[in-house]
There are 4 protein chains.
Amino acid sequence: MSYQPSPSRLEAFSDGVIAVIITIMVLELKAPRENGFAGLLTVAPTLGVYLLSFFTGIYWVNHHHLVDRLKHVDHVVLWANLIFLFFLSLLPFFTNYMAEKHIDSFSVAIYVASLLMTALSFTVLQKCVGWRMRNADRADPEEIALQAAEVRKAIISLAILILAIGLSYVHPSLGLAAAALVTVLWFMPTFGVRRTG
Amino acid sequence: MSYQPSPSRLEAFSDGVIAVIITIMVLELKAPRENGFAGLLTVAPTLGVYLLSFFTGIYWVNHHHLVDRLKHVDHVVLWANLIFLFFLSLLPFFTNYMAEKHIDSFSVAIYVASLLMTALSFTVLQKCVGWRMRNADRADPEEIALQAAEVRKAIISLAILILAIGLSYVHPSLGLAAAALVTVLWFMPTFGVRRTG
Amino acid sequence: MSYQPSPSRLEAFSDGVIAVIITIMVLELKAPRENGFAGLLTVAPTLGVYLLSFFTGIYWVNHHHLVDRLKHVDHVVLWANLIFLFFLSLLPFFTNYMAEKHIDSFSVAIYVASLLMTALSFTVLQKCVGWRMRNADRADPEEIALQAAEVRKAIISLAILILAIGLSYVHPSLGLAAAALVTVLWFMPTFGVRRTG
Amino acid sequence: MSYQPSPSRLEAFSDGVIAVIITIMVLELKAPRENGFAGLLTVAPTLGVYLLSFFTGIYWVNHHHLVDRLKHVDHVVLWANLIFLFFLSLLPFFTNYMAEKHIDSFSVAIYVASLLMTALSFTVLQKCVGWRMRNADRADPEEIALQAAEVRKAIISLAILILAIGLSYVHPSLGLAAAALVTVLWFMPTFGVRRTG
């Protein structure tokens, strides 16, 4: 059976999709009606939201190389990756939704919930890969331990995002701050992921 | 003659086009006017339609590696691939058309008809590749049998899509369900494609 | 000096730009207000125009592998390629312009003029490559003859496009037919390009 | 730690993002209401602005191969590259902003300021790469000298862009001319970068 795409091809395709997702978001940024600096200031919150979405979107690129750890891509991994890409592809929609609703509590909660779904589908993908790694003949204990540490970190991220949904009803900016924290955590890969040996 | 692109390059270009097609569809999703959960619910059918189009669009990536089976790309294969990409590129338009027309019978029938044209052009591409494989000097009986099984499955898919056009006049959701069935069938590649030996 | 990108990288980047150009054009296709088949018919001319632009855009992919014939990319080739990409990137704008102006004589003439500029900048790129090939130490007479034949064909295409601008004032459809003829000519690469040997 | 993407992968991803950024800008070009040549002339300034942004965006492709000079990508380089891509991704927004504000002094100053931020983040990236090159075991004196010369040129570019912000209040076209000068300077890579040996 030569059906499945190779890990590197799945990764290249996923990178292409992610590159388009994070870049088309800028099309939703509309020039303000008001002239001068005062007009630009009215767009500032939207720009801030775009900044968060851009970095949230882009960080997946640095981590789903996890697929590379596999010898081949089977159907479960393929489905898990596609479901992950689907939730990620909703990022421009929910970013725009939040901007249109003036970043109120409900819109931030919904935005964070979409980040949560993306993170959850990524964790499922991680679990699938980890399970296959442990059953593979080339099972490297160090790689498996690293993989397990990443899954732990992913679960902590999910907990923070669930908390962020609640926090956005205390104040929208608190919800966004918690979501930003998760993005920053992932850009410091060694944080919370112990080296093995 | 060094005119034709290599199979791997044709594939990489096609992947790029597919990545853009499935991702720009999200730009058609507009934030609802109404606030809160009730507003989001009004977008739910559109989101469902986007979900179907996303997975329908993406599954081609997993299957047109069929071009890889060729030694080189001749003009018939090139044209067949471009016509296939053209019909696929209409997916965002017909997805949006269906959403704008509130997913009524006619719009679903037209949407399914566009899927049918895409599937048909893909089947033509498959036939072209199969014909070349049988005439090539490296003809591998197993590969040819697999190829033939895929063509059979493609023809069954076409029959289901024709049926789906009719079903969308019984009820739009029936037409969409039949279209979704075809997508799911292709994500289970072994289903309906017998192994050879 | 390690400044210049490699030919393969320039080509990969150009392919990416072309993939985005031809695919985002579909975003300009708007769902018709009128319901049913009559509504769809009002979009038919726009769809026809999109079809022409899609194939015109895509055919460059099959031909600018010409850059591959070079050992390295110098600044003249780099500039020539970027100017070519710039004119090609205007294709969605002029396609949309023609559709908005109901495909009248002036809009078709302008559209064809933009195709002419794209073709002209491609011919300049071809000439630059040909000149470098003849001066290279690995100069292969067959490759050079093929290259020269392609330049001749490109010049004939320019002549047809100039004619097409005039024809669009006789009738818009004549101008478009002549433009379509050029696209078809290039999809039959052996037509008008004699083999050498 | 197998966390970091390879230099070639970071570069391929960055190229993808840049290809999308420069190409989606054309979607902001709207067909003029007025018919005929007079109508097209009203779009001419916007087209000019698009031309500048297109070449400004594209030139990064020819220069950030600088990442290739590294053995591996660490987190500082990763962050520096992402911040650079973020500022570059705002190019379509500020291009559109300037067009909507009829290219007045303030909008040109803001546009040039966004180019300055992009150039500044690129210079930071260059500095990070240079610092790593000098500390690497394969430190090649010629490569390091070339790298240092590029940093000098980048700093001169920053000075011109700061000047351009002021000039745009003398006359908007002066500000744009100075910004265009920087783009042209970078397309002549040997200009201002002395060869070593």
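This is a predicted model: local features need pLDDT of at least 70, side-chain atom pairs count only at pLDDT 80 or more; totals for chains, interfaces and linings use all residues.
Student: How many residues of chain D and of chain A are in contact?

Tutor: The contact involves 30 residues of chain D and 41 residues of chain A.

Student: What area is buried between chain D and chain A, and what do carbon and sulfur atoms give?

Tutor: About 3200 Å² is buried between chain D and chain A, and carbon and sulfur atoms give 74% of that area.

Student: How many salt bridges are there between chain D and chain A?

Tutor: The count is 0 salt bridges. The rule does find 5 residue pairs in polar contact across the interface of chain D and chain A, both residues being at pLDDT 80 or more.

Student: Which helices of chain D supply at least two residues to the side that touches chain A?

Tutor: They are helix 1 (7–24), helix 3 (75–89), helix 4 (91–100) and helix 5 (105–135) of chain D. Helix 3 of chain D provides the largest share, 8 residues. By class, the side of chain D that touches chain A divides into 21 nonpolar, 5 polar and 4 charged residues.

Student: Turning to chain B, how many residues does the contact take from chain B and from chain A?

Tutor: The contact takes 41 residues from chain B and 30 residues from chain A.

Student: Which three residues supply more than any other three of the area that chain B buries against chain A?

Tutor: They are B:T23, B:L27 and B:F187, which supply 16% of the area that chain B buries against chain A.

Student: Which elements give two or more residues to the side of chain B that touches chain A?

Tutor: Helix 1 (7–24), helix 2 (36–59) and helix 6 (141–170) of chain B do. Helix 2 of chain B gives the most, with 10 residues. The side of chain B that touches chain A has 24 nonpolar, 8 polar and 9 charged residues.

Student: Why do the copies, chain B and chain A, meet through different surfaces?

Tutor: Only 7% of the interface residues of chain B are also interface residues in chain A, so the copies meet through different surfaces.

Methods. Residues are numbered from 1 along each chain as its sequence is written. Chains are lettered from A and ligands numbered from 1 in the order in which they are written. Side-chain values use heavy atoms; hydrogens and water are left out. Contact means heavy atoms within 4.5 Å. Buried area is the accessible area (1.4 Å probe) that two parts lose on being put together, summed over both. A salt bridge is a side-chain nitrogen of Lys or Arg within 4 Å of a carboxyl oxygen of Asp or Glu. A polar contact is a pair of N or O atoms within 3.5 Å; within protein, one must be able to donate a hydrogen and the other to accept it, and residues adjacent in sequence count only if both atoms are side-chain atoms. Helices (H or I, at least four residues) and strands (E, at least two) are DSSP runs, numbered from the N terminus. Ala, Val, Leu, Ile, Met, Phe, Trp, Tyr, Cys and Pro count as nonpolar, Asp, Glu, Lys and Arg as charged, and the others, Gly among them, as polar.
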